[in-house]
Structure formats: C-alpha cells, structure tokens
Amino acid sequence: MRPRDSESPVEMRTRPIGPHEAPPLPRAGPHEAPPLPPVGPYEAPLPPYRAEPIALPARRRDRRPLPVVLLVCLVLLVVAMVAGIAIGSVGLNPGSVWQVILDHLEGHPNSTVTDAIVWEIRLPRVLLAAVVGAALTTAGTVVQALVRNSLADPFLLGVSSGASVGATAVLLFGAFASLGVWAISAGSVCGAVVAMAAVFFVSRTGRQLSPTQLILCGVVLSALFESVTSFLIFKGNPQATQSVLFWLLGSFGNANWTQLPIPAAVLVVAIVYLVTQARPLNALAMGAEPAASLGVDVQRLRRNLFVVTSLMVGVAVAVSGVIGFVGLVVPHIVRLLVGSDHRRVLPVGVLFGATFMVVGDLLARTIVSPQEMPIGVITAFLGAPTLIVLIRRRPYLYGTTQ
Amino acid sequence: MWDVDIAVPDGSFVGLLGPNGSGKSTILKTIYRVHRPAEGRVLLEGVDLLAMGAREAARRVAVVAQESIVEFDFTVLEIVMIGRTPHKRAFDREDELDRSIVADAIERVGCQALVSRSFNSLSGGEKQRVLIARALAQGADHLILDEPTNHLDVRYQIEILELVSSLGVTVLAALHDLSLAALFCDTVYLLTDGRVVARGAPDRVITTETVREAYGADVLVVEHPETGTPHLIPRRTAQHD
C-alpha cells in the first residue's frame, strides 16, 4: 500500500516534467557548496588492526592430549570387544572370556564348549569386525581428504562395486569354486583390483589425478559395476540371489581365523604409511596448490593414497561385504570430536571405527536373535543420529559460519 | 609464446599486473611448482629453484593465494602449524621451536585473539592474515601473493598489503588493483598474453595509454594527491545525457 498522503512523491512523478518545464534546481555547484569538513585518512586514522574476538564466546574445541584420547578409545574398544564376545545366544561372563583367551595365549586351551564359542566363533568375528571398522574409517578419512569433499566415502572409488561383481559371480555361478572357502574373497579381490585399475586410469588426465575426475569416474564406474551385478543377479539362480543380497548388505556371520591375517596386515601397513603422511594430508586438505607450495609432491601423494585406500577397502569388502555408512560417518564423528588434524584423526579413527563396528556387529546379531540383521542396517541407524547431533552442536563446518 | 624475464631484488615488493588471462597466475604457479615449465628457469639467489627438492624450495618461498576454502574444520593455530610442514619429516613431532615460530608468526599478523577459532568462521580479511601467518611460519624469506586482496573490502585490501610490505620479506605479487599496486610496489611488470609489455617503477608503467593497450579499458590515470603514485579513475564509455 502506498501512503495516502496527498503529497505522495508517486503523484508528483506522474506530472509530465521535461527538462525545460522543471523548476530550476538550485545551482549547487562545487564552488557554492559549503566546504566539506576535512576528514582524510591522515587526520582520522583507523585504529591499527586488532583481531578482536566476536561477541560470541569463541568455541574451543576439546584439545585433550592425544595419548589420553587414545587411551580412552582403547579402553572403549576393549570393553566393546569383551562385550562382543560375552554377549550372544549363549551368554558368557567376561571373566570366563578372559580365561579362555589367556589359556590359548599360554598354549594350553581347554576343549570346553565355552572355549569353542569364544575362540572359534566369537573372537575371530569380533577381531574381524574391528579390523574392517578401522579399515573403512581410515579409508573414508583419506578419501575425504583426497577429493576434499565431506560427502566422499571409501566406496566412491568404485572398489566396492567391483568387488561386488566378483563376489556375485562366485555366489551365483561358482566362479573360483576350486578355492573353496576362499572363493568369495578371491572373487571380490579380483573385482576390486579391476575396478581400482579402471577408475585410476580413466580418471587420469594426462599424468594428473584430479579430485573432480576421480569423483566423477568413481561414481560412473560404480554405477556400471552395479549394473553388472544386477545383470548377474537377473541371470542367476533365484535361490542363490538371497545370499548375494545378504553379502551385499555386509555381515561378519562367516568370520573365522583364516580370514583375519590379510586384512589385518594390509590395515597395519596402510596405517603406518598414512600416519607418516599425516602432515602432507593436512596440507592437501588446504588444496592441491597450497599443498604444492608447502613442499608436498601432490601427484605422488594422491597416487599413493588412492592405492592404499583401494587396497584397504578391497580386502575389507572381501571378508565382510559392503558395509555402508561407516566410512562416511565415522571420520566426521572423529573430526567433530578431536578436530581435523590428521595426526589426531587417523589414530583416533582406527580405534573409534573398530569400536563402532564391534558394537554394530553385536547389535546386528542380538537385536532380532536368533536371526541376524545385515550390519549395514545397524551402522546407518547408529551413525546417522550421532552425526546429526554432532553437526547441530558444531555448525561451523556444514555451511553456517556463525 | 612465453617470453618472461622477471627479476625480484631482495627485500623489494614487485607487482605483476595485467588483464585476466595474461599469465600472472601461471607465472606464479610455475615458481611454486604447480606447473612445470617446458623451458626456462626460476633462479633463487643463483640456484635453480625447480631443481631443488620440493621441501627445500618450500622453506625458501611461501605462497598466499586468493582466499582459500578449507573443506574441514581446522583451527587458526592448526592452519598456521601446517606452515611447518616443509620442516618436518614423517615421524617428527612438533617441538618448542615450531611452537615459538608459529606463535611469533601469529603475533606478527596480529591474530593472537583468533588462535582457537575455526578458520572457516573467520572473515575474508582475517583468513588472509592467518594465511600470511602460515607463510611466515614456513620460515621463507620470499613471499608469493596471488591476488591476495580479491574478495576483500577496501580497508582489508590496504591492511593486507600494508602488513605484507611491513614484514621485511621479498614479495612478488599478482595484483588486480592498479592504484593499490602503485601504492605498494617498488617495481611492476605489465603482462599481456604471457609477455612482459612494460616494466619499471609504477609511475612509468601505469599510464592511461598502457592501461588502454593492455586492458582495453578507458581510464584516467592521475597522480595520487599525497604520494604522487599513479591512480586510476574509471570513466564511463557511453555518453548518458
């Protein structure tokens, strides 16, 4: 609504006024104007720069000493693992769990039922969950830094989709049947290696590995491999597709001691390498060009990171299927807890990711006991609310800067 | 097509000027190893910078680029500490020396109050100050600035350049604002299409004619009333009355 004032400027403007009809403007030339008060920068200099804290109290992130944080995480992991061994369809008390483990370490195991449950079934399962959780978290942390994108997850590189093709071929068509229990692992490792090579060579422009190319090629080739998996399921035996779907959702249901050494060895080597690269990773998080100006060989670092994470994801997927959400969410949870410095994120992430997966597996096999849920369901249900709570407490990173 | 010969004397502030796409950034990126030149050399006190190890070069030459985006949440202190990267080997821990160098760098740019703030929560001018502190923590006595005052308001543009020229380091800066460049640079190089078309003191290089020729822009170049340096006054190209 316009103001109903009769002297409304709108009405005045409707009068046809040409330049000659207009009442002569008072001639306020520069010479008639009263002299401006002299305000030059030299007479009223700005105060020297002082970076004053904003009115809001500066949020201090918890910067507890790293050894303390690691110790707490380690205790949590051990508690989770003992719980993971003790709780199940047959309940055990933690004391007898320790006793069995000590007996085995001392070299005189008993042949009791408890011994069999702890040593043959639950301990390898819990250890495998811990290794896979640590591997996926570490891979997720690195991939997010590699492509400088918070939404990246370890499966972005196409490795898991390739592994799925291999595993599906084994489960539905008996590929690698001569390898027996190793067949699925062999199939998924082959698929993972093929996918990794494909993504690597397709996303190289010239001799460079660029983040954008990596994301695009990873997504596109993942989609391609997934459609191959779908095609195999479509052509395969309907009864066998059940086991494929269960594998695709991830599970530690078939865990045993023979599955453990390779992922554990890859994890240890990868983590040692990555911890030595924590500073260059921090520099890379600033961007490729700042990293180059800080003396980091960006191309070589990217190449190594790609290979290391692909290997970790490949062996993890081979023993446990495609367990989603851990590699995406746990790195963020860790960053929100201890900051983004990779010297802190990597070691804390190893322990935290392991704990997360052990707890997730415990829930997956006890909530709807005697059935087992796919662990991917649990990781999403655990991870999503945790991350949302943390994001809402720490708004800096996700779009709002104040 | 590239014919560039730029000399940056110790302790001087040298500006690279030229229109968008004239090659300012490319030259700077060649110095800090983002691009590899097909031919030509970058000499630092007579030594080929590109033949040096990357870490060694980073200890001599630091870079502050346009406002950078950091995807993850680092504190100001962490960002400045990243400047120590070229001094650290894989298993080195940061020691008292690193911490005192970082504290000194933060003090020199006047960011003491910001140390525990998240970098992403800072204003553009504060971010540039922090990145200058990171460059100082790198321990380099040569500073490359790639359009460091883009996105900044006029106060911060002046303050950032004033800060940089007060640091006592050798500066090579690509700058957009010719008037500001004239105020701060000892020598400027004017580039078009990857060639140096003029070099020398700002008052000789920045003239109405050179700006028209290099930028295709119609401006008046006048004398700054206080410093006598060239100052650009934009003009409208079309007549509107």
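Two strands pair if DSSP finds at least two bridges between them, and the helices (H or I, at least four residues) and strands (E, at least two) named here are DSSP runs, numbered from the N terminus. This is a predicted model, in which local features need pLDDT of at least 70 and side-chain atom pairs count only at pLDDT 80 or more, while totals for chains, interfaces and linings use all residues. Residues are numbered from 1 along each chain as its sequence is written, chains are lettered from A in the order in which they are written, and side-chain values use heavy atoms, with hydrogens and water left out.

**Strand pairing in chain B**

- Strand β9 (residues 219–223) of chain B pairs with strand β10 (residues 230–234) of chain B in the antiparallel sense, over five bridges, and E223(B) has P230(B) in β10(B) as its bridge partner.
- β9(B) and β10(B) form a hairpin with six residues between them, and in the turn G228(B) has a positive phi of about 75 degrees.

**Contact between chain B and chain A**

- Counting contact as heavy atoms within 4.5 Å, 47 residues from chain B and 38 residues from chain A take part.
- The buried area, meaning the accessible area (1.4 Å probe) that two parts lose on being put together, summed over both, is about 3800 Å² between chain B and chain A, with carbon and sulfur atoms giving 57% of it.
- On the side of chain B, the residues that lose the most area to chain A are E71(B), F72(B) and D73(B), together 18% of what that side buries.
- Two salt bridges are counted between chain B and chain A, a salt bridge being a side-chain nitrogen of Lys or Arg within 4 Å of a carboxyl oxygen of Asp or Glu.
- K29(B) forms a salt bridge with E289(A), where the closest N and O atoms are 3.3 Å apart.

**Two individual residues**

- T229(A), found in helix α7 (residues 211–235) of chain A, counts as buried at 5% relative accessibility, because buried means under 20% relative accessible area, exposed over 50%, and partly exposed in between (1.4 Å probe, protein chains only).
- Leaving aside neighbours within four places in sequence, T229(A) is in contact with S161(A), S164(A), V165(A), T168(A) and L248(A).
- R99(B), placed in helix α4 (residues 96–108) of chain B, is partly exposed, with a relative accessible area of 38%.
- Not counting residues up to four places away in sequence, R99(B) touches M81(B) and E94(B), and the C-alpha atoms of R99(B) and L77(B), 22 residues apart along the chain, are separated by 9.7 Å.
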